[in-house]
Structure formats: structure tokens, C-alpha cells
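Please keep the sequence and the structure in view while reading.

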Amino acid sequence: MDGLGTAARIASAALSILLAEGAEAVTMRRVAADVGVTPMATYRHYPNREALLRTVADAAVAELSQDWGKRGDPAVFESRLDGLADDFLDFALGKPNLYAFVVTERREGAKRFPDDFRTGGTPTFGPVFETVEQGMREGALRADDPLEVTLAITMPAMGLVQLYHGGRIDLSEQDFRALCKRTIERAVRGLRP
């Protein structure tokens, strides 16, 4: 039982460091010190830093994505897409270090386009992909490759987030969110029948 408790404490400490300071700050030695165990004890539960980070990030994203896509009216394309934009912005702006690790940092086991995206292997992209397919079935969007249309809708907001995190966009968070929503709306407008 102590082993399970220690593994959970190690994961919790690693997540706290990741959220506060980013993936670079997560080291086995630092995590061990925060938990109060020897560095070797961390290796009994996680074979290396990458495995620890992957476990922690996967669990955090799974928790985060439990409610992903539940905002808005699920039967109305625009409402569901707007709710998904809010989910994305809450994640990207509320947990910037986790977002950077999961979305932008090069790492082993990261989901890859196109196969992992098409099969629903990404808990945040999958609901947008499903919404795009719904929009095409209902005639809210032109018939096209739903995977590439999903990219056309999501990538402008992701690019704006990168600029915002990099200090290149000088707006309040509220104004930045509005800019992202307008950008998504413009992309969708170009995809309508």
C-alpha cells in the first residue's frame, strides 16, 4: 500500500512542478526532494523522467477532458463549437505549462497527425472533429475532409495562443478570448456552404 501512496505522491509533486514551472523544472531529484524520498525511490515507481511526465500529463489531460465538449447545446453546431472554444481557451490560458508540454513540446509518445487525430486518439481535438462531422451532416459546413476542416478551425486559435504566451499579443485575457472567438468565427464562415 505504501508503494501506491508513494507513487501517487510522486505524481502529485511532479504535476505541481509542471503546472507551476513547466516540464524543464521536473527532475527526478527535485520531485524526490518535494516528496521527501530518495531520488532512487522515484525510479522504483517511474523508470525515468519521461515516463513520469507522460503519466502525469496523461492523467491531467484525462481529468481535464472529462467535461470537454459539454458546454453549449450539443444539437446546435455553433453552440457546441463555441463551448469547445471556451474549453480550449480555459485549458491553454489556465494551465499554460501543461498546455505547452502536451501541445507544443517535442516528446516521445505524443499524438501525431493524421492517424492519431483521425481515430479520436486526442481527447481535446476529438470533440472538435466530431462537431465538424456533425456540422457537415447538418449542412452547417460544406462537405469536405473533416480532419482538415477541423485543422482549419482550430489552428488559428492555437497560433494566437502561442503568440499570447510568447508576449506578442498585448490584450487582456478577456479581449484575447474575444479575438480567438472572432478568428474561429471567420474560419467557420469560410467553410459554410
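Buried here means under 20% relative accessible area, exposed over 50% and partly exposed in between, with a 1.4 Å probe and protein chains only. Helices are DSSP runs of H or I with at least four residues, numbered from the N terminus. The model is predicted, so local features need pLDDT of at least 70 and side-chain atom pairs count only at pLDDT 80 or more, while totals for chains, interfaces and linings use all residues. Residues are numbered from 1 along each chain as its sequence is written, and side-chain values use heavy atoms, with hydrogens and water left out.

The buried residues of α5 include Phe77, Arg80, Leu81, Leu84, Phe88 and Phe91. Among the elements that cover the buried residues of α5, where contact means heavy atoms within 4.5 Å, are those in the table.

| Helix | Residues |
|---|---|
| α4 | 49-65 |
| α6 | 96-104 |
| α8 | 125-138 |
| α9 | 146-165 |
| α10 | 173-189 |

Arg80, which lies in α5 (residues 77-94), is buried with a relative accessible area of 15%. Leaving aside neighbours within four places in sequence, Arg80 is in contact with residues including Asp73, Glu130 and Gln134.

Of the covering helices, α4 and α6 pack at an angle of about 110 degrees with their axes 11 Å apart, the axes being lines fitted to C-alpha atoms over the stretch in contact and angles running from 0 to 180 degrees between N-to-C directions. The contact is made by Leu53, Ala57, Ala60 and Val61 of α4 and by Leu98, Phe101 and Val102 of α6.

Conventions:
Helix = DSSP H or I, 4+ residues; strand = E, 2+ residues; numbered from the N terminus.
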